[in-house]
Amino acid sequence: MPRCLPAGDGAVLAEFRSLDETLALFRALGQWPAGVEDIVPAARTLLVLFRPSALSARDVADWLWRTAAALGDAPGGVSDAAPAASAARLVEIPVRYEGEDLDEVAALLGMKRTELIERHTGSDYWAAFAGFAPGFIYLAGGDPCFHGIPRRSAPRVRVPAGSVAVAGDFSAVYPSDSPGGWQLLGVTPWRMWDMERAEPALVRPGFRVRFRDLGAAGVTYSLPGGLSGENSRPSLATAASMGSAAATPSACFDVLSAGPQTLVQDLGRPGLTGMGVSLSGALDRGALRAANRIVGNPVDAPVLENALGGLRLICRGRAVVAVTGAQAEIRLTTAGGVHLPAALGQPLALDDGDELRIGVPGAGVRCYVAVRGGWDVAPVLGSCATDTLASIGPAPLRAGDRLRVGVVLGGVRPGAVLIADDSPPPLPRRGDLVFLDVVLGPRTDWFSPSAIDLLAHQEWLVTPQSDRVGMRLAGTEPLMRSRQGELPSEGTVAGAIQVPAGGQPVLFLADHPLTGGYPVIGAVVGRDLDRAAQIPVGARLRFRPIGPFKEILP
């Protein structure tokens, strides 16, 4: 039976002895119980995400154990997870072997660069599962010499798209610019993920893959159909024009300034982890829902997520907006220069030519701007959310963009809809000490007792390297492991506290990678994630474990 471990208050990590066992149980699970929201397969684990209001972690573990027992009793039991070579589609990927870690990996393996390249291109791989980011496929097999290659002690902040890399027992190609800790051998000119293609993923689980050395004599390549041209991503103005274009919009807004970052967000893309696509969506989901309620929208309607202020919009027509989230000054000015009363958490009726301006937050980080009727933006894979790690969804706002407003249903003239009665909770400021509750696990047993104590009692500074992917934290003393070696890649959750080999943790946020290979010592509970999204750089964190680490036992 799998070993079951807590992974926050809404997920269970089931651990197996091999990739074959993992994928065999994944295929056998059949219909999921009500309350199970997604399952992320990985090298030796299944991450089961569930709704705590419907199920407990024990309920999920019991379901997995019953399925495993039934699978063990079935004729044949666990079968080989690798596809039949004759039935699998073959994709040959050209590579320029000029990666930053090529010589270091060759030295680690005790061979010359030429031999390493020959071995990496000399065997077929099979695509086992998706993870980390859309189009990032874990490639199993290949020459055994590459099995057990360690990750970097600290991940790079940016790995270029197309980088061919190895780590653990796998090879992979990074589909987009992203953080990463794998060892880089080379780069391919091909795009592994392209939303402009009919099939965005060049490689999918079940395919065969072979790498080809572009430096070898006589090796050439031609791009497969649909792969040529620049990887395009529509601007906000273009994406908006692809929405409900048949209807005349009730209003639109011109962007005078987008500030440091303004994105379109909704509640994300559930259920697409099989493509390597994580949930993403608004970081402060409560603020998104509140803004939509104030203007009378469905709570999951797309809004604008503005980080650190500086957003300026001009209304063309008439509209009702609301701003929630970070505590920032809201200024509303008519076309004639008259300043009108405006406040957070209130419906604001705008006439033609009125300007809405959001100042730099005094507390918190992100403001959310909803408009009655919703922002008319074309969905991508069922959502209007911008996933910054995966580069899925509308591009960030830029000065000069024009945003259309959705048609107000029923022909009702825009006006005030709802005044929020509840005062928002105070938000953290730079220098504040913020406490976050944590469920220990799933890999707490990879750390010494002193490291677990340090997690809870040391203050952690939020560094400027933080973004929507995660908050990079710095403590006086690093978290030291009690176990050495590499952890096979496994699914991660928003709120996970991942600890690279250097010992300085990263707190994952909404755009976190789908899988990761550094141990997670604990995960922030769901009720604290909105607050975590509003913690500014320069604030300090203290983690409060809500109980000891406990494996879920039969």
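Which residue in S23 is the bridge partner of Ala322? Hold that thought while we set up the viewer.

**Before you click**

You're looking at a predicted model, where local features need pLDDT of at least 70, side-chain atom pairs count only at pLDDT 80 or more, and totals for chains, interfaces and linings use all residues. Residues are numbered from 1 along each chain as its sequence is written, and side-chain values use heavy atoms, with hydrogens and water left out.

**The whole chain**

Select everything to begin. The chain holds eight helices and 33 strands; helices (H or I, at least four residues) and strands (E, at least two) are DSSP runs, numbered from the N terminus. Of its 554 residues, 55% are buried, where buried means under 20% relative accessible area (1.4 Å probe, protein chains only).

**Stop 1**

Two strands count as paired if DSSP finds at least two bridges between them. Zoom in on S3 and S4 (residues 45–50): five bridges join them in the antiparallel sense, and Asp38 stands opposite Leu49 in S4.

**Stop 1: residues 319–327**

That's strand S18, and it is mostly covered, with eight of its nine residues buried. Select S23 (residues 363–371) as well: six bridges join this strand to S18, and the two run antiparallel. Back to the opening question: the partner of Ala322 is Ala370. Next, bring up S21 (residues 348–350), which pairs with S18 in the antiparallel sense over three bridges. Val321 has Leu348 of S21 as its bridge partner. While you have side chains on display, remember that in a regular strand they alternate between the two faces of the sheet.

**Stop 2: a six-stranded sheet**

Follow the order S20-S19-S22-S17-S14-S24 across this open sheet, whose pairing is antiparallel. Its edges are S20 (339–340) and S24 (402–404), each of which pairs on one side only. Inspect S17 (residues 311–317) beside S22 (residues 355–358): three bridges hold this antiparallel pair, with Ile314 opposite Glu355 in S22.

**Stop 3: residues 449–457**

Show helix H7 and pick out its buried residues, Ala451, Leu454, Leu455 and Ala456. What covers them includes strands S25 (433–440), S26 (460–462), S29 (496–498), S32 (520–524) and S33 (540–545).

**Last stop: Thr463**

Thr463 sits in the loop between S26 and S27 (470–474). Is this residue buried or exposed? It counts as buried because its relative accessible area is 11%. Leaving aside neighbours within four places in sequence, Thr463 is in contact with Arg472, Leu473, Ala474 and Val537.

Methods. Buried means under 20% relative accessible area, exposed over 50%, partly exposed in between (1.4 Å probe, protein chains only). Contact means heavy atoms within 4.5 Å.
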